[in-house]
Every structure is written in structure tokens, then in C-alpha cells.
Amino acid sequence: MTESAGAMDKRRERSSLRAWLFLVWLSWQRQARARQMVWIALALLAFATVVVALNTAGGRWTMAYWKFFGRQGPTHQEWLAQSQTVTPLLPPAGKALASAYYAAHSAILKESDFLVFTRGFVFLLFFSFLLPLWSLSFATEAMGGERESQSLIWLLTRPLSRPAIYLAKFVAMLPWCLALNVGGFALLCSVAGRPGPIAFRLFWPAVLWASLTFGALFYLFGAFFRRPAIVAIVYSFFLEVIMGNMPGDLKRFSVGFYARCMMFEAAEQHGLQPENPVIYDPVSGGTALWVLLLSTVLLLAVGMFLFRRIEFEVSD
Amino acid sequence: MLDPGVQGTTGQLTSPTLAPRGRVAAIEPVLVFERVSKFYGPVIGVNQVTLELRPGITGLVGSNGAGKSTLMRLAAGQARPDLGRVQVRGHDARSAEARLRVGYCPEVDTFYEEMSGRQFVQTMARLCGYRRGEAHQRAEETLRQVGMTDRSDRRLRGYSKGMRQRIKLAQALLHDPPLLLLDEPLSGIDPVGRQEFIGLFLELAERNKCLLVSSHELEELEKLTDHVAIMARGRIAAVGSIAQIRERLEDQPLSIRIDIDWADVPGSRDTTRNGVFHVEHPDRLRRGPGGRSVGAQRRPPHRPGATAASVLPGADPTGPRGMVRGAPPGAAGRVDLGGPWLSARGCSCRGVTCRRDSQGEAEA
């Protein structure tokens, strides 16, 4: 009787929810201790910002500098200037037609900045390189850092269930991961001139959901692989790129595919579409969002299940 | 009590009670191993262990690789048994309910190094789910118990081994668990600190706690408890009081089997040293501080040289006491130590592989 009363008292004075919330807080604080990967990520952000700013200053977010006819002819700008020199020689009706054509061409060149910025920077650099790298910098450290330093034992010996520990560290990692990805994207867009704000307004949901899914995936890597950052880099720059660009259904296993599908739909009115829609066969934005959301939940569930069973050796 | 199967080969031993100082089996067991086996690939870490621990101190002795730490990890829920089950007060050892009842002082020596000792212990208390005030109070109390109150504001990365052991112990005591699993807790502690720790352990045992303390050294545990479980090759080789185990071993000569892999013998290419190897008798390891032989009167004198000569053809028995010199390539045989020896370390050898034999069964 006395023992059970003592047990009741103990239960009252401690709470699993309080312990879980403290673990989230502790893990969030420990994530703030920038490690090697985070410093690399921040250096890349600084570098990318400078590159974007320089391009903006040089007015390079436009097709005016593109050479056409097999990239060997004059640029669009040069061609327009040369063509306009012969306009006075045209008959009046031809002049009007030519003027209208040149005006339309100039307008297209001016409006092309969004597409150039999207394809040349957002797709090529941000989504293929920066976003996965920034995601993995925090996500692999969240559990992998504790695992490699062997301090994970202190969490595993606390009276918290293992799935709860796994979830807590993921929740603690998310603000950092999302802040770096969405915040970094916002910073880059802010220095991109006219197309930047448009791109941010249209694409931030895709960045957010892709970050979430990448975060869950790389966090899983961190919990179960010895060199999680390397595994995540290999996945991002080989499997994601290869799978994401394969014809057929294989690309549907890549996170980037669904993020791009969301972006294609969001920027449809700006003329953004896959280079070959028939081969690319994008899914709708809504479907892509659900796939990313469910993938995140599934990856978390798989991680929690495996984490409950895994044994961490002393040498781990 | 000494289990009837202590000297058997099955290792499936049941200790109906491991309650030193007169406690009886009627007390509910705190920790129960039921035919537990744990494999690491093809290697068996723990082999069919059945064990019940009740309040009191139990020493867990064994050489490196005997399975002590694996047994500890199984009890702490850090490893999953491949066969059998481990329960703490009726809860599966892997459950959060069981962890609430276990204080684990692991072998690993890593912390959140950027924290101070006090911060670390407080953090561990908060992770147990206590409110801030309660956590601070418990942290201070356990720091006082381990003698770290005035030294715990330094960062952990600057701590000595002994101080780190104290912090490890403090975090294990935080939630006042009925079961304490202490993996080599006295390792790296100075003699004064050891006495303090031993006093603390005895005090905890008096408060009805169940302590399982692992060590390589039996002498260390002798000061703490007379109840030990001896592990060898993943099995519980013996359970009971040290005196009882020694008595049983009196009848069974202990010998060292020497298998020589000549390629590994230092100097084997040097003809002047060819065949020279050394076997240091455990007696050398049994001497305590100041050269005092621990419990030497219980042991008959040994005759390593003479015995070695009789079993190792070509061996020169003129080496110093405790040393066997000279044997031809490929020699193998036994060195009779002249009586029962109970040393967790056994013997140390250079250039040869030694294994202690007991009743015909090789022990690692």
C-alpha cells in the first residue's frame, strides 16, 4: 500500500510530456551549436547571395544576353538593335508591323527575367544543390551528431519511449532546417531584383514542403548510418539527380520531382512548364503536396519504428 | 548461496536469491533474466543467462569480453535479447516504465561536453520529467552524494576521469531508482574516492536498492559485497559468495593452457631468443597496494617453473618465480598453477596465447 502510494507520488511529480518538451527544447538549443556542415551551409548561402546579387547588378536575369541559332549567332539584344536599324527603310505598313514586333520582342525579353531566374537559379542551383545540402546540414546532425559523439546514451536511458525521443529531435531540428531553407531562399530572392519577389511568392510552399521531406529523409539517415552526411550527399547529388531526370515513373521516387511539379503549377501563368511535358509527365500541384506530406509522415513513422528496435553499440 | 550448477557447463544458472546480508528470496526480484541469449552476428555475447537480482549489492566479475557489459546493457534496455526476456520489476527492460526504475552508469565516457557537471545533471533530471525546481533540488542532492557539489560548475570537458565517473553516478541516482546498474563505476577513481563510493553503495544497499556492479577485479568487489556473479564466455559461471565459490574451486585445479602461435612470438627469428616467452603468474596480479598479497594465505604455493618443465618439452624451468622461459617452436601444453586461483585477470602472457582452464572447460 505504502509502495503504491509512493509510486503515485512519483508519477505526480514527474511527467513524460514535460520530459518530452524539455527534450525538444534541449535539442533545439544544441542544434544552435553550429557544426561543420552548418558552417558550410552558411558559407554557401553567402556565396550564392553574392552570385545572385552580381547577376542582378549586371542585369543578367533576362534572355537579352542569350545567343540564338545554336548559341553562335547574335544575342537577342543585338539582333533587336540591328533589326531596328533597317526599319526606316521599310514601307509605312511594314514600319508599323515591325514596330509592333519589336515592341513585343522587347516586352518578352523584359518579362523573361522570371523564367531565366527560375530555370537558371531556382531549379538549377537552389533546388538541385542548395536545398538538399542545407537540409542535410541540420537533419543529419540532429541525431547523427549525438550518435557519433556517443552522447545519445544519455537520452536513451531516460524514461522516455524511443519513438518519442526520435520525434522530439525531429521537431527540434525542423525550425533550423526550415529557417535556413525558406529564409535562405527569401534572402536570395530579395537580391534577385524584379523576378525575386515573384519567385518567392510562387515557390515558397514548394521550398517548405520539400525541406520538410528532405529533412525527414536525412534525419532518418542520421539515425541509422554511420556517415550520414556522406550518405545524404550521395543521395542528393546522384540518386535525386539521376532519378529526378529519368523518363518514366522512376523519377516519382525523387523528392525534387514533386517540388518541381508544385512549382510548375504555381507558375503556370508565367509560362513555366517542363521542357517536354509529355516526357516529364508532371503531377498536379495538389497531388505533389500530398505526396510530399505523406512521404514526410511515412519517413518519420519508419524512423520511429526502426529507432525503437535499433541497438546502438558503444563503438557507435 | 552457491548455485548447484556453478561448475557446470551449461551456464543456465538460476540464483533464487542474490540478496546479501540475509535478505531472503521472499522479496520480489528487481531484475530478472530468463534464459537470455544475445548474439553479435556469429559471436554470442550472453549465453542462456537466467538470473534474479533482489535488493542488495551484487558484483559482476569477468574478464574482457566475458559479457559483463552486454549483460548490463540488456538490463538497462540498451540491447535487445535474441532469446529469453529481461524484466525490471515486471516491466520489459526496453520499456520507458522499466527505465524509470533503472539508474544506469554506462561504460562510455562522453557527455555534453560543453555543459558544466551541474548543468548536465540538471538536464538529465529535466529529461526525467521533473519540474525545474524539483530537478535542481534532485541534482544538488545527488551531486552532494557523489561529492561534486563544489566542483560541478566547471565544464565537463575539463573533468578528470574520476570526476566524470562521479557525474555519471549522479545522473544514475537522480530519479531514485530501485535498480542501479553500475558498469565499472570505480574505474579511474582514486583510493579515497573509492572508499567514498563504496560507502555510498553500501548506504544505497541499506536503503533497499538493488545494485549490480561490474568490475574486472574481484578484490575491488570484495570490499563492496560478498555476493558475486562470475561471467565467462557469456555465461554466468558462478553465483554466490566469494568464499563459497573459492571453496568449490579448491577441489578443481585451475590451469593455464598455452597455445603458441610461433609467428606471433617476439624475437622468434632471433636464434638467441628463439622460443623465449613469459607467463606471468596471477600471483603477481593479486598483490594489493604495498605489495600485500590479497588473501594469499588461502592459496597453496605454486611451482610454475617445475610444472612448466614437465608439460612443455624443452622449456627451461630456471626462470624467475612466475616466469616460464624457453620452449621449442610449436610447443603447447599446460602450466599447472598448483592450486585454485580466482583472479578475474587470470594471467598475462607475452608472445603466447593463454587460456585459463577450469574443470576441462576452457575459459576466455
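I worked on a predicted model, in which local features need pLDDT of at least 70 and side-chain atom pairs count only at pLDDT 80 or more, while totals for chains, interfaces and linings use all residues. Residues are numbered from 1 along each chain as its sequence is written, chains are lettered from A and ligands numbered from 1 in the order written, and side-chain values use heavy atoms, without hydrogens and water.

**Helix pair.** I looked up helix α8 (residues 195-224) of chain A and helix α9 (residues 228-244) of chain A, which pack at an angle of about 135° with their axes 8 Å apart; helices here are DSSP runs of H or I of at least four residues, and strands are E runs of at least two. Axes are lines fitted to C-alpha atoms over the stretch in contact, with angles from 0 to 180 degrees between N-to-C directions. The two helices are therefore oblique to each other, a class left over once angles under 35 degrees (roughly parallel), over 145 (roughly antiparallel) and 65 to 115 (roughly perpendicular) are taken out.

I then listed the contacts (heavy atoms within 4.5 Å): Phe214(A) and Phe218(A) are among the α8(A) residues that meet α9(A), where the partners include Val231(A) and Tyr235(A).

**Strands.** Val32(B) stands opposite Glu52(B) in β2(B), and Phe33(B) opposite Val86(B) in β4(B).

Methods:
Pairing = 2+ DSSP bridges.
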